[in-house]
Amino acid sequence: MKNKTTVRLTLEDGTVYTGKSFGAAIPTAGEVVFNTAMTGYPESLTDPSYRGQILCLTYPLVGNYGAPGKEEADDILKYFESSSIHISGLIVSDYSFDYSHWNATESLDDWLLKNKIPGVYGIDTRALTKRIREKGAMLGKLEPAGSSIDFFDPNKVNLVAEVATRHKKVYGTGSNKIVLIDCGVKYNIIRNLLRRDTTIIRVPWDYDYQSEEFDGLFLSNGPGDPKMCQATINNVKKSLNGNKPVFGICLGNQLMALASGADTYKLKYGHRSHNQPVLQVGTDKAYITSQNHGFAVDNITLGRDWEPYFININDNTNEGMIHKRKPFFSTQFHPEASGGPTDTDFLFDIFIENIVRYKESK
Amino acid sequence: MKDEIRKVLILGSGALKIGEAGEFDYSGSQALKALKEEGIETVLINPNIATVQTTENIADKIYFLPVNPYFVEKVIEKEHPDGVLLSFGGQTALNCGTELFKAGVFEKHNIKVLGTPVKAIMETEDRELFVNKLNEINIQTPRSIAVRGVPESIEAAEKLGFPVIIRAAYTLGGQGSGFAYDSEELRILAAKAFSYTNQILVEESLKGWKEVEYEVVRDRFDNCITVCNMENFDPLGIHTGESIVVAPSQTLTNSEYHKLRELSIRIIRHIGIVGECNVQYALDPTSEDYRVIEVNARLSRSSALASKATGYPLAFVAAKLGLGYGLHELKNSVTRTTTACFEPALDYIVCKIPRWDLNKFEGVSHLIGSSMKSVGEVMAIGRTFEEAIQKGLRMIGQGMHGFTGNRDLKFKDIEKELSEPTDMRIFSIAEALEKNISIDRIYELTKIDKWFLYKLRNIVDIKNKLCEFDSIEKIPHEFLLHAKVNGFSDFQIARHVLRSDASSINREMLRIRAFRKAIGIIPFVKQIDTLAAEYPAVTNYLYLTYSGIEHDIAYQSDNKSVIVLGSGAYRIGSSVEFDWCSVNAINTIRQEGFRAVMINYNPETVSTDYDICDRLYFDELSFERVMDIIDLEQPKGVIVSMGGQIPNNLAMRLHKENVKVLGTSPISIDRAENRHKFSFMLDTMKVDQPLWKELSDIQDIYKFVDRIGFPVLVRPSYVLSGAAMNVVSNKSELSHFLELAAQVSKQYPVVVSEFIENAKEIEIDAVAKNGEMIAYAISEHVEFAGVHSGDATMVFPAQKIYFETSRRIKRISRQIAKELNISGPFNIQFLAKDNDIKVIECNLRASRSMPFVSKVLKSNLIELATKVMLGIPADMPDKSVFELDYVGVKAPQFSFSRLAMADPVLGVDMSSTGEVGCIGEGFYEAILKAMFSVGYRVPKKSILLSTGPARSKVELLNSAKALREKGHKLYATRGTQQFLESAGVEAHVAYWPDENKSPNTLELIKSREVDLVVNIPKDLSATELNNDYTIRRSAVDFNIPLITNARLASAFILAFCRMSIDDLEIKSWDEYR
């Protein structure tokens, strides 16, 4: 057993758990959320949607396959979902100090340390998860022995502004031109679009893209409360008056809702897992999806022109919306997966088909 | 569609055999439950009478008949079902269903095959069709060539390059498969494989690749989920049934996990399965390259494991999907609020470990490889890999205490052990780590992913640190907890820290227990809820772990819990029959208003289905863990008499800790278990027993044998190799056995007993209440004593014993029940010669034959026994066995074909892996049904007789005459032929295998000129490889029915000579009144 610093995890309700430090032995504060996925920690840790959050992994054995290398393809890192780690801290039960994988170049411990992100292991993550399930997502902090920090509520700041690109950037040379509003886009969305003959114009979250030449609009995922992105909502509103195809994912679904006049709310403890079942409304088609969101679209506030596209079979929450006539749709789940199941990547095909049809009709 | 189906036929899997065991009792029971819930009438065909599925109220009609096309069609003609389920009875049901489909039987009788269409099944079973099918969707399979002959297979291998693996189509658990490194090896393997099948596949070797499996479900709306993935600890090349397996996968990245998942879904869609299938992959350890190895279009051992590993009831859901439901229309039966259309998220790791019983067999190869030899398995649950595997290694039940702390393990050549794995594989890794062989070197030799090896090294590191302390008080509390988190038992800690020896260890582990409890180091109870705590669940499916700070459930301490200790891993000598007993005890406990609490860890059982009981602890049956659970439950009492020997052995230790053991007092159990005490008791009661003595000196053994005379039964307490018991007939055999097989010393004494030849063996299964026997069943063995009772063919009610014998048996049983003040089930075995009765064994617990006699008698002895133990009024059943107008025969199932080189001969140690029980109007009808159920056929051509000693030659004379009268041609080895000729029975000489003359016995077998072989060993201790062995082994290898016991051969032959298959009544269980 390595002699590691003791770490206190304190929740805002006063509950205290103690574990041992790995990664950076520094204090951190944020919102404590849990994810029930059994693989994919490199993907989760670099997912910008986790900005400001201390992530508890319910799967107890973590670090088994280390962390992959920094190879690039198409101008983006090949094995990660963004250029850096976005979580504020990591909570696990059993950290694996030894790792084994052909694709690994360092341990999770070292990777966290390099990124100055603290981790704690030896926590009863099931007890913690039950606590969060009962009380709702809570603020929390990690304090290695001898250090302290105040609670911090990430939902009160504009997290999107922290994670979104600051400059316009173009990827690919395909025939379908897409404006991608980056609120904290996952790289796998870019990869999925590039695979489908596209040129992507990735723009900052508050960028007024109306002057760009493009055939379709993509609203990315991203962290926090969608209502923080008023600038984006205003821009999207304009697009919804037009006919160019729009596709939104996760935060993009919520922004589409807000832009269309519907409302969003905060879920008690969110959906963060690889096993969320959704049903395409009006059909018997069910899909297993990857999800990571704390806010949701309120189905009953959807406007006359809209209907729910998918719903969650477990709790009937909104999982997507679709315009009754125009080529606009969005999903609360992540068709790009990474991590998680790839069942719904056909939605990218539908988006591209919409674009092709739009171009033909022009 | 759901409404059209009113009556459904389900095919079971028959007797337990290697590759097809208790998991199909579980899947069949689940399917029957699903159908019952829909109000559908069910008809079950399964001759395995010890199963839970063949219990009243589970299926509407039960036929104890062979699962083969002839009998199934007969049942169809009688019952007129509208639907049939083929995927719940293993390969047996699937093969039978495929044949019936091909013969147009389902079409003729207008029966719908529910779930996966037969065409899809056939496409997964025929390698060529399978590969073509996957090629259509660009899914890679190993490069391979299907061939129909030995020369073609060599050509194919040369094309692919050696080494190659060969696989046979339509076989169980890899039967007829293997690796070949050159054309000579291939020639031998291929010839053997062609005896099972007419098509084999020669395939590129992917040795060293990771092996990963997915359990995939699809409904008729094309919705698909993967319920679980599993990673084999051992690389490809070791059959998944022979490998340690973990769930979920541990060394796969998200990309690998979901790539294979996506492929699984593409495959299930393309094949068109409705229900469940299993996809096995080989994954390159250095890239994302993969091959699909196999698809099983049915419920399988892996699906049973996946169900238990995740809490997702695959068989239940598959049955509902077969009726036309969509996944999204079904509920998750653990949470009961969320949908069944989801993929379980685990927050623990499970580790499956196979259990082998190779020591039970003479001559068998201990190497493990591409065909299955294990007879059972355990599943351990933990929150660290170290915890799970150490639990699992203890659960296996072969005297191991975990990964460390095991004695008497010696490996001559450790590197060879690592590169050529045997059943001791995991312990050879422990030894290698102890010897500081590097992880890199172990990886080179084993190709086991280094992640697993690092974890194992971690266990050894902790052990080394523990060894640095010499008192429990000196260990830092944090480190003690760390050891517990990593799966160390109190026993291991006592051994490592206190260096306890055998005499003190039980006392010292109690001291460790008290110490750690005092400082708050205790295990916590966690639920298996399928969603990693995301949603509240009402689940009662539990395990214990030291990685925790709180329990998931609140305890009431209301004195209503009754704990039933289960039977552990299936093994030779203890299998589904004890599961049936446990489940029936649980049912009775619940009916009587108590909280039924089950502890067991065998994923192949019904007793570990969380639906069965009020609380299921899927955990160890060790003293330590049982005490942990008792501390939590504060039960009304514990039942130790249902799960066979494992709980029975705990009785006294629990009693000493003031645990209330329900029923017969542990002190009485000890009096029956302890040879000296029991013998003394019988002497005092003037009940006869064979003479015996415990001796620790070779000279004393010879002296004792001089007094009692040969043959004698020798039972060493320490065995060097081979079987633990043996009958020896002369001095040279005795000295041979004592020198080679056993160690004799003060520490390891040997028990020598008188062996009585030509004696009948009779058993009584009974229930007593406060010392008074209130129900009993007397059965007899067809074979004379000397064949283990588990291998014997049993007849109930006993047909051929004197009234006086039966009276004496009852009287002795009553005396013993009184003397031991029995309250609960018990079983006594007797020898009877003339009217002399001797007691040979007495167990104060449920026996192997309890389900058989209970079902034939239609009086549930276990229910009665449980009521007695609960202290509830239980009256004597009014039925008398003598009123039965029918006969039950229980016959053993052997799995010798799986155990390369094992001598298929019966002896005093048990070697069968399963059994069937069938009912007939008379003995001949019952025995024919039973023998057909375990794979015997009526010979159509000729019979090879080699009838051994004079006594059995005489025994078989009438049978030989009957065969001739029926027009069968007889071949006989020289002595037998001469004997038959002199008695006027025509027989042709067949020369011994080592004679260079024709017709040769071996040729007759290989060419299938004979289709029944009767080979009676010359003496009871045949240990050498000789001509007889070659004949027996070849019969097994070429799949020709073999009988090695004269009494049984005579019974079977006379039965089929007197009755034809058409004479056998097709009657369901309830029609026998």
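**Cavities, sheets and the chain contact in a predicted two-chain model**

Helix 1 (41–45) and strand 5 (61–62) of chain A each contribute at least two residues to the lining of the second largest cavity; helices (H or I, at least four residues) and strands (E, at least two) are DSSP runs numbered from the N terminus. The model is a predicted one, in which local features need pLDDT of at least 70 and side-chain atom pairs count only at pLDDT 80 or more, while totals for chains, interfaces and linings use all residues. Residues are numbered from 1 along each chain as its sequence is written, chains are lettered from A and ligands numbered from 1 in the order in which they are written, and side-chain values use heavy atoms, with hydrogens and water left out.

The volume of this second largest cavity is about 150 Å³. Its lining is made up of 16 residues, and A:Met38, A:Thr39, A:Tyr41, A:Tyr59 and A:Leu61 are the ones that lie nearest the centre. By class, the lining has 9 nonpolar residues, 7 polar and no charged (Ala, Val, Leu, Ile, Met, Phe, Trp, Tyr, Cys and Pro count as nonpolar, Asp, Glu, Lys and Arg as charged, and the others, Gly among them, as polar). The count of cavities of 30 Å³ or more comes to 15. Here a cavity is a set of points, on a 1 Å grid over the protein atoms alone, where a 1.4 Å probe fits but cannot get out, and lining residues have an atom within 4 Å of a point. Grid points are joined across faces, edges and corners, and a volume is the space filled by probe spheres set on the points.

Turning to chain B, 4 strands form an open antiparallel sheet in the order 23-26-24-25; two strands pair if DSSP finds at least two bridges between them. At the edges are strand 23 (692–695) and strand 25 (726–728) of chain B, each pairing on one side only. On average, neighbouring strands of this sheet are turned by 25° against each other, direction ignored (axes are lines fitted to C-alpha atoms, for helices over the stretch in contact, and angles run from 0 to 180 degrees between N-to-C directions). Strand 23 and strand 26 (residues 750–754) of chain B run antiparallel and are joined by 4 bridges, with B:Val750 in strand 26 as the bridge partner of B:Leu695. Helix 24 (residues 675–685) of chain B lies across strands 23, 24 (712–716) and 26, at about 150° to strand 23, contact meaning heavy atoms within 4.5 Å. Helix 26 (residues 731–740) of chain B also packs on the sheet, touching strand 24 and strand 25, and its direction makes about 145° with that of strand 25.

A parallel open sheet of 5 strands is found in chain B as well, in the order 36-35-34-37-38. Its edge strands are strand 36 (988–989) and strand 38 (1042–1043) of chain B. Strand 35 (residues 969–972) and strand 36 of chain B pair over 2 bridges in the parallel sense, and B:Ala972 has B:Val989 of strand 36 as its bridge partner. Helix 36 (residues 1046–1058) of chain B lies across strand 37 (1010–1015) and strand 38, running at about 145° to strand 37.

Between the chains, the contact takes 62 residues from chain B and 52 residues from chain A. Together they bury about 4,800 Å², 50% of it on carbon and sulfur atoms, buried area being the accessible area (1.4 Å probe) that two parts lose on being put together, summed over both. In chain B, B:Asn254, B:Arg383 and B:Glu534 lose the most area to chain A, together 15% of what that side buries.

Definitions and conventions. 1 Å grid on protein atoms, 1.4 Å probe; cavity = no way out; pocket = protein on both sides within 12 Å on 5 of 7 lines; lining within 4 Å.
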